[in-house]
Amino acid sequence: MATNRPRCPTAAFLLLLLLLYSENALHPTLASIEEGERREEFTEELLLKPLPDRKVLAHFHFQSSAPPSAANGRHHYIFPKAIAQLVRKFQIRELELSFTQGRWNYERWGGFDPVSIPNAKPTGVELWATFDVPLNEIDYTWKNLTHALSGLFCSSINFLESSAAYSTPSWGFHSNYSNLRYGALPREAVCTENLTPWLKLLPCRDKAGIASLLDRPSIYKSHYHSQRLKLISSKLVGIILEQTLSVVLQPSLRRNSPVSFNAGSLQPSWSVNSLFGKKVTGHCVLAKVSRIYFELEKKLASKVDELNPLNSWNNSVLELLEVPSREFRELDASNNPGSSLLYEFEVSISNESAPLNIGIHWKLPLIWSCPHAPFRVSRYLMGSGNERGSIAISLQSTQLHEWFLTTSDGCAVHVVIFQVVPWYVKVYYHTMHIFIDGKAHIISDVVRKIQISPSEDKLSPGSMELMLSLPCNIHSATIIVDFDKGFLHIDEYPPDANQGFDIPSALVTFPDFYLSRKYQLDDSMQYKSTLLSKFQESNSAKRYTEVLLVPLTTPDFSMPYNVITFTCTVLALYFGSMLNVLRRRVGQEERLSKSKGTSIF
Amino acid sequence: MALEEDQKPPVARKSRLIVRLGSFLVSHSFLVSVISCVAGCIALLMLPVLAKNTYVSENALMPGSANPIFSNYHVLEANRLVKDIYDKRLLEDTTGVEIVRLIRKHMEDVGAEVYYHTFNSHDIQFHPLHFFSSNLHSAALQNSSGCNLNCVCPVGIIRAPRGDGKESIVLVTPYNSENIKLNEALSLGLAYSVFSLLSRVEWLAKDIIWLAADSRCGEYASVASWLKDYHNPVFSSDSGKIGLDMCYENNIFHGEDQTTFDGGDYDDFRRAGTMAAAIVLKVVDNERNDGDRLDIYAEASNGQMPNLDLVNIVHYLAVHRHGLHVKVGSFGFLLRSALLRYLGEMLQRVTRLIQSLNPGWKVGINSIDFIEGTATLASSVYSQALGVPTGPHGAFRDFQIDAITMELSPRTSLTNENGISIFLLRGGRLVEGVIRSANNLLEKFHQSFFLYFLTAPDKFVSVGVYMIPFALLLTPLPVTAAALFSRSAAPRAKPSTSESWNWLHSAKLVFIVHAWALGVSLLPYPISKIPRTSPTTSMLAWVTLSLFLLLTLYPFVGNSNPRAGDYRWEIQKSVIISGRINRPEPHVNHQFLNCSDWINAACSNVPYC
């Protein structure tokens, strides 16, 4: 068995597990596998969270890790081989790929918490990567990588290959990277063909464990779903593969009854079964950690606390359908217990006969709001017509954020804007205007740092990295840049050219605002959770703007025929008259007519 | 032709064909003018006959391919809002705040993002096309004491689930918040029920914007002002808001935390990408009880039209799915015209005669169809030539958005509840179908015609056809000009030096007339700046100022040699006529007959009299 090694290590491992139950043989091989198992880890976690606008966020988090040097050459036990090969071949240091459909609603679903911000991605495909290769080889490696990923995930990521499609941000996207490449395809349609290869990277696929909840119709019926893959590789920790899927679902109601958003109506009750049509019936046996979390947001939890209930999960307002195995409180900045609540459910205790059906039953109508980002950001087009226009990025201060309350009057808040514009939208950066509270300001007063790489026709997109320093007490700031609409060659128009052309989402980062959340954990228990440790990482708050649709001049594609006939006619006329002029001798004709005239008279 | 050639001297035969043809046309200019004028008039009259049936050109629209979801439940919702509005109206009827708030609450209840678009009627920009038409906002200006100047339009946006937010479809319902009538309440109810339906459907790919336009400041003005703000940055510190707070002391438009489920619901301007299409929805009371009716208005400013496909899907859905009578604007007086009836009957007789000669030819002209077609075509030509939009949809076309006004009128009276319910069901399904079709469209409207005249809701004359009569009517101008010039040049083979510069005088005269016309056409703007003017007084001011301008310019004309009067006129005419032809106009139907054209026409006609 051991000598006749099958190709897929996972299959071999499963087979061996079977053997383990049947007979107690092959001890030396098993020992090595156990060693490998200890070093390669897989965790599966799911976070469920009721959202203020009667929807539910389900955030799946799967993490696989491989040790730095593969002990068994090129073979792995749990870690997907395809990814390991990818990392090895392209010397990837960090990579993030996301497939998203729908828009994250920052106002209603949360614009400032560690769950939503890293998982709120722009519509379509977004890919960025950093490499461990010499600078002059990065572009080449990136091109190969896009093709490899395109094949791996059945999508058109290979369109990011052309140099007009990706950009090299230096500090606007992530802090100082010279070897980062960033590309986005806003029009990419995301569907189950992208999910299936993504699921193949999981050791249990969607056959067991939490991933078995991933029912395709309910995922693709959701209001937002973003499927993400993040790779971190280094000599010290090896490869860490983080796969997340965030879905915002509308709990189904009685047929034809409206989702009423008014104050008096009850939030819809839901359970995992009603959301996904499935129940959790056991964990993936290969997973080290298999848990489901249920979160009550800060404002919701504090409203529940106000009622002074006996326990926070079964009271006069709400009732969880399953008894949680553990309960955590969030720790605020000074390490005191805050109000946000997290319930934990162990998946491993469930089985076919006793499935886990986590859900919530609302008893009283309750209204709460989610944490807001310091600024609301919107981007829109100005002007009309096919010749020129302007892009406006407008920041509206929410003034609700506690950061503003703690700081003094004369403070400044920093905002970093990163925007990539395709070459056919010719942005004139010298026309940039900044309006703060409706008054025009001089650029140099507001802009701390600026880096612009103008677009080159058909070669590279224009990118703008801008760091603004705005006074804290402002209400709104608007940045306006003018552009001209370029012409494309007839071959360069995509199908459905009359729809217009997309400008990918801009990214607005607030480096002064950090997102991190700590929970009251028992240190003695050696509690390990990859999801909760993700929450603890401090990321700066960021926000993607809308995708813009620029209508460009499009030719009438049946026009070439007309043009050909028209030009042929003109050419024929031209040649005819030209030849006529050339061969006619005017002097001679005049003389002839004169001589005739004299002869007549 | 051959006969003419034979009569010419042999020298002429030497010159080339095109020159001979030209000189033939010029020498017979009167005949040519008469023939082409008559042919042009005949072609113009034949336009209703030449009209083609409309067809949905863009396949992606797929009108009526899905069953409507709009049901009696939604009709009940609409009726409930209508009743609520009416109750509110009875409670207090001074400011209209209650109704605005009611609409906002309903928008919020279906989960839309809501904000108020406020604008000041002072902000409404001058528009030359509305100078003489007495518009509503001037009336509002007069009776206001500061508060009424602010017009408030609640705007709700439904974000499409899974949509990318790049495009949106706009639904507009004009209403008067101060003095709301039953028909306006019905249109609001209808729009609300469609809006609440759309907030729940899964097929939505484009965001839906519902703009309840306050018609106190004028339907067109409020839509235009909203569109202007949509395409420009809006700063919250603008003057409009301050005035609003002053007027409504209880701060109605802010606060009210308990209705918004997210505390940070800010009242700032929200956008939803590029607009793909817009529908203006109105309900009117119809006196003639001959079935539920739909009137389509499509003409935008300066003779621009929305894409024909938009008209087509509305017509297709209304007629073939929901059994409504569809009408487009037509001149009623032409329907009763005896001359037209006579013409129609003549045509009918002629076609019958042709048919009897050869049954294979399929030419069938019905005299009634002809009269109706002519009346509709005349109205279509009139509104395109006048360039004044026929409704609030005109504001959209200025931003290259295809828009249409749908005016629904029920068969029964508005108070008949049963009849109204059926009417609302039909209307709602129609609006849902149109929005669904526009939602299906991946690209913007581009497949079908933009330049056309409608002769019936399902018949149109395309630009290729209506150019023919226009070309025929324009032909006499160059021919006559050339003839005049050659006639004036011919008798004076050797003109004296002073006479050879006579054309300069003519050119000067033409220049002065043009300058006067320019002044006259620019006058309305400064006049409109004078406060408290009614349309009549501004009209009078315009006329007197124009006359004054003419008098001041008159001395510059100067009088030249009175002896050469006739000769001068001929040159004058040829200069003017050729000037009129040379003016480059992209499309004849856009050729707005401005003042200078009229003056030119008058000048060129004077010597004929």
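Two strands pair if DSSP finds at least two bridges between them. Helices (H or I, at least four residues) and strands (E, at least two) are themselves DSSP runs, numbered from the N terminus. The structure is a predicted model, in which local features need pLDDT of at least 70 and side-chain atom pairs count only at pLDDT 80 or more, while totals for chains, interfaces and linings use all residues; side-chain values use heavy atoms, with hydrogens and water left out. Residues are numbered from 1 along each chain as its sequence is written, and chains are lettered from A and ligands numbered from 1 in the order in which they are written.

Chain A contains 15 helices and 27 strands. Of its 601 residues, 52% are buried, where buried means under 20% relative accessible area, exposed means over 50%, and partly exposed lies in between (1.4 Å probe, protein chains only). The accessible surface of chain A is about 27300 Å², and carbon and sulfur atoms hold 55% of this surface. Accessible areas come from the Shrake-Rupley method with a 1.4 Å probe, and for residues only the protein chains shown count as cover. Among the contacts in chain A with a separation of 6 or more, 76% are between residues 24 or more positions apart; a contact means heavy atoms within 4.5 Å.

An open sheet of 12 strands in chain A has mixed pairing and the order β5-β6-β4-β3-β7-β8-β2-β1-β10-β13-β12-β25. Its edge strands, each pairing on one side only, are β5 (166-167) and β25 (518-519) of chain A. Strands of a sheet pair through backbone hydrogen bonds, either parallel or antiparallel. Both senses occur around strand β1 of chain A (residues 41-50), which is antiparallel to β2 (residues 56-66) over 10 bridges and parallel to β10 (residues 289-296) over 6 bridges.

Strand β1 of chain A is mostly covered, with 9 of its 10 residues buried. On the β2 side, A:L48 of this pair of strands stands opposite A:A58. The strands β1(A) and β2(A) form a hairpin with 5 residues between them, and A:R54 in the turn has a positive phi of about 65°. On the β10 side, A:L46 has A:I292 as its bridge partner. Strand β10(A) in turn pairs with β13 of chain A (residues 337-346) in the antiparallel sense over 6 bridges. In that pairing, A:Y293 has A:E344 in β13(A) as its bridge partner.

Another part of chain A is helix α14 (residues 559-583), which contains A:L582. UniProt, in an unreviewed entry, places a "transmembrane region" at residues 561-582 of chain A. UniProt positions are given in the numbering used here, feature names are shortened, and annotations may be inferred rather than shown by experiment. The span of residues 561-582 is 100% helix and 0% strand, with its end C-alpha atoms 31 Å apart. Residue A:L582 counts as exposed because its relative accessible area is 63%. Together with A:L571, A:Y574, A:F575, A:M578 and A:L579, residue A:L582 makes a nonpolar surface patch of about 640 Å². Patches are made of residues with over 30% relative accessible area and no salt bridge, like charges being joined within 9 Å and nonpolar side chains (Val, Leu, Ile, Met, Phe, Trp, Tyr) within 5 Å. A salt bridge is a side-chain nitrogen of Lys or Arg within 4 Å of a carboxyl oxygen of Asp or Glu.

Chain B contains 24 helices and 11 strands. Of its 609 residues, 49% are buried. Its accessible surface is about 28800 Å², with 61% belonging to carbon and sulfur atoms. Of the contacts in chain B between residues at least 6 apart in sequence, 84% join residues at least 24 apart.

For chain B, an unreviewed UniProt entry lists "transmembrane region" at residues 21-47, 463-485, 506-527 and 539-557. Residues 463-485 of chain B are 96% helix and 0% strand, and the end C-alpha atoms are 33 Å apart. Residues 506-527 of chain B are 95% helix and 0% strand, with end C-alpha atoms 32 Å apart.

Residue B:H74 lies in helix α5 (residues 72-91) of chain B and counts as buried because its relative accessibility is 2%. Neighbours within four places in sequence aside, B:H74 is in contact with B:I69, B:S193, B:S196, B:L197 and B:R200. Residue B:M275 lies in strand β6 (residues 274-283) of chain B and is buried at 7% relative accessibility. Its contacts beyond four places in sequence include B:W226, B:Y230 and B:F396. The C-alpha atoms of B:M275 and B:F396 are 9.2 Å apart, although 121 residues separate the two in sequence.
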